[in-house]
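Colleague: I would like to go through this structure with you. Shall we take it one question at a time?

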Amino acid sequence: MPNIQTLVTRILALVAVLILAGCAGMSGSDGRDGAQDTSQTIDLTIPAPDAWERIRRGFAIPNLNTPLVDKWTAYYARHPESMNRMANRAGKYLYYIVEEINRRGLPTELALLPFVESAFNPIAYSHANASGLWQFIPSTGTQFKLKQDWWHDQRRDPIASTNAALDYLEYLFEFQGDWYLALASYNWGEGAVQRAVKKNAASGKPTDYLSLNMPAETQNYLPKLQAIKNIVADPKKYSVVLPNVDNSPYFVSIKKTVNIDYVLAAKFAEMPLEDFQALNPSFNQPVISVKENHAIILPRDRVAIYNKNIAQYRGDLTSWKTYDADEGESITAIASKFGVPEARLRQANRIPTNVRLTSAETLIIPGPSGEGIRLNPADKTSLAQAGRGSPPQTTNARVAARPPVASPGRGPATSAPATARSTVRLHTVRSGETLSSIAQQYGASISSIRSLNNLKSDTLRAGAKLRIPSTVSSN
């Protein structure tokens, strides 16, 4: 039990926090610190009615008041439709993000950062090769243990990337000792901010955030976040309607026990593929692999439906196969036997070039590039009947609270019609486009585009012509 001195210390600390919160909206001596007062009196005995109110209750970063904040607040207020689109996308992820922020005791302003980073688009990709909701570049993603391989890019995984981003922000705050500098570091890099601080100090200048010489993007970064905060704090003032986001878990993470084609998993959940992709944007291949310890994320209200359908479905679950290879068996011969490129077979099984099998091993045999299981009419009837069955008892589902052990990459956006014929479209590469973004646009797999165009790398040149595979229903 804490002693009297400890209790007094805690009470004084709480009073200090409350005083600071009340002063957060006040201007500093130079008129640059502080903005509109977003503090409010809250009865914490009453649960927050929705995720937005929960975010408002956790505001803890002092407000910023600069002409750039006014500019961006006015900009977002003039574009309520855009704000609403971003907020609608955010609704799938906000509960998990806020839950994790609260668990760590961090300011809830951080939950709004993906508005600025990616507009809450999980497949957003920048010119600097940053990807996902939190816009990790490859090197920083690797530093924070986000897997990026042939199967999977966890920078796009909403669970794994959220935890990595909050790990990074916690580190930056501890490193810089100030949330303004920490957030500037998230955008510009902690080394760059530290050098700017040291340069000012050497010149006898103030070393606070507003006194630093920063690139234009970083100068606008915090003002954009403050602008979003202003609107979330009082949406009616700015004529913005925020969509309802329940203060309860939206999605569930399910551990896989069998290989299953990406498109078929969406069908078992009876979800539009676009909605399935919004929760599972990190897959690079058209199969969800058990060998790679893959998991899928589903809305809570889709789990029972998914369980029923997959338990009673009797058809093939994937166009990919497994093969029990003998010790020393030639990878070239196995690839030839199944009619797949040797490089693709090696990639699927993480076998380096010129490395032979030194022991008996079960290999994954990739299916046709960009293809997957196609449901015939009998399969569709079976699937519909499965939806009326009883759920299995063995599926390991849990409300997502921590990232999957090792989730994979991004799946195809193609649907699976009863019968289909191949077509090819021509796409002219625009500046800033990537193989991943083009695959997402057309609903094709990265590997199928690469194969059809004989691409040796993922580097694209603006103006180049790409052939895009697709399928269209023949019904």
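**Inside the predicted model**

Modeller: The largest cavity holds about 90 Å³ of space. Keep in mind that this is a predicted model.

Colleague: How many cavities of 30 Å³ or more does the structure hold?

Modeller: A cavity is a space where a 1.4 Å probe fits but cannot get out. With the cut-off set at 30 Å³ or more, the count is 5.

Colleague: Which element gives the largest share of the lining of the largest cavity?

Modeller: Start with the lining residues: I61, P62, L64, E109, Y180, L183, L222, L225, Q226 and K229. Two elements give two or more residues to this lining, α9 (179–188) and α11 (216–233). The largest share is 4 residues, and it comes from α11.

Colleague: Now the whole chain. What percentage of its residues is buried?

Modeller: The protein chain has 19 helices and 9 strands. Buried means under 20% relative accessible area. Of the 475 residues in the chain, the buried part is 49%.

Colleague: What share of the contacts with a separation of 6 or more joins residues 24 or more positions apart?

Modeller: A contact needs heavy atoms within 4.5 Å. Take the contacts in the protein chain with a separation of 6 or more; residues 24 or more positions apart account for 73%.

How values were computed:
Residues numbered from 1 in each chain as written. Predicted model: local features only at pLDDT ≥ 70, side-chain atom pairs only at ≥ 80, totals over all residues. Heavy atoms only, no water. 1 Å grid on protein atoms, 1.4 Å probe; cavity = no way out; pocket = protein on both sides within 12 Å on 5 of 7 lines; lining within 4 Å. Points joined across faces, edges and corners; volume = space filled by probe spheres on them. Buried < 20%, exposed > 50% of the residue type's maximum accessible area, 1.4 Å probe, protein only.
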